[in-house]
Amino acid sequence: MKEAIHPNYRKVVFQDTSSEYKFLTGSTKYSEETIEWEDGNTYPLIRVEISSASHPFYTGKQKADKAGGRVDRFKKKYNLG
């Protein structure tokens, strides 16, 4: 591998801003903001809008399309059945 072309891989904390869920993982993302983690060490903090704690697929709060598909909507619109 060539020297000095790869990003710095290190441990960072990702925080879901909508649920305050935090997790520690490895990443090449850069942030000047830091946070003290449960182990007493300080890590860079990356804020994200959606994580597994707030995404509808993982929380089971998906919106279901109750109107049906295109054919069902067409039939409803023109009273075809």
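Tutor: The chain holds two helices and four strands. Please bear in mind throughout that this is a predicted model.

Student: In what order do the elements of the chain run from the N terminus on?

Tutor: The chain comprises four strands and two helices. Read from the N terminus, the order is β-β-β-β-α-α.

Student: What percentage of the residues of the chain count as buried?

Tutor: A residue counts as buried when its relative accessible area is under 20%. The chain exposes about 7,000 Å², of which carbon and sulfur atoms supply 50%. Among the 81 residues of the chain, the buried share is 17%.

Student: How is strand β1 placed, mostly covered or in the open?

Tutor: Strand β1 spans residues 10-16. Five of its seven residues are buried, so by the cut-off of under 20% relative accessible area the strand is mostly covered.

Student: In which sense do β1 and β2 pair?

Tutor: β2 covers residues 22-27. The two strands form a hairpin with five residues between them. Bridge partners across this pair include V13 with L24, and F14 stands opposite F23. Over six bridges, β1 and β2 pair in a sense that is antiparallel.

Student: In which sense do β1 and β4 pair?

Tutor: β4 comprises residues 42-48. F14 of the pairing stands opposite I46 in β4. The two strands share four bridges, and their sense is parallel.

Student: Which residues make up the largest nonpolar core?

Tutor: Membership requires a buried nonpolar residue joined to others through side-chain atoms within 4.5 Å. Five residues form the largest such set. I35, a member of this core, is in contact with K22, N41 and T42 as well as with V13, Y43 and L45, leaving aside its neighbours within four places in sequence. The core consists of V13, I35, W37, Y43 and L45.

Student: What share of the contacts with a separation of 6 or more comes from residues 24 or more positions apart?

Tutor: A contact here requires heavy atoms within 4.5 Å. Of the contacts in the chain with a separation of 6 or more, residues 24 or more positions apart account for 35%.

Student: How far apart are S52 and S19, C-alpha to C-alpha?

Tutor: S52 has its place in the loop between β4 and α1, and S52 is partly exposed at a relative accessible area of 40%. In sequence, S52 and S19 are 33 residues apart. In space, their C-alpha to C-alpha separation is 10.0 Å.

Student: How many salt bridges does a search of the whole structure find?

Tutor: The criterion is a side-chain nitrogen of Lys or Arg within 4 Å of a carboxyl oxygen of Asp or Glu. Over the whole structure, the number of salt bridges found is one.

Student: Where does α2 lie, largely in the open or covered?

Tutor: Helix α2 covers residues 70-77. Of its eight residues, the number buried is zero, so α2 lies largely in the open.

Student: Which residues make the nonpolar surface patch of about 340 Å²?

Tutor: A patch residue must have over 30% relative accessible area. F74, in helix α2, is partly exposed at 46%. The patch is made by F74, Y78 and L80.

Student: What is the phi of N79?

Tutor: Most residues other than glycine have a negative phi. N79, in the segment after α2, is exposed with a relative accessible area of 70%. Its phi is positive, near 50°.

Student: What is the phi of A4?

Tutor: A4 is found in the segment before β1. At 81% relative accessibility, A4 counts as exposed. A4 is a residue other than glycine with a positive phi, near 65°.

Notes: Residues numbered from 1 in each chain as written. Predicted model: local features only at pLDDT ≥ 70, side-chain atom pairs only at ≥ 80, totals over all residues. Heavy atoms only, no water. Buried < 20%, exposed > 50% of the residue type's maximum accessible area, 1.4 Å probe, protein only. Areas by Shrake-Rupley, 256 points an atom, 1.4 Å probe, with all protein chains shown as cover. Patch = residues over 30% accessible without salt bridge, like charges linked within 9 Å, V, L, I, M, F, W, Y side chains within 5 Å. Pairing = 2+ DSSP bridges.
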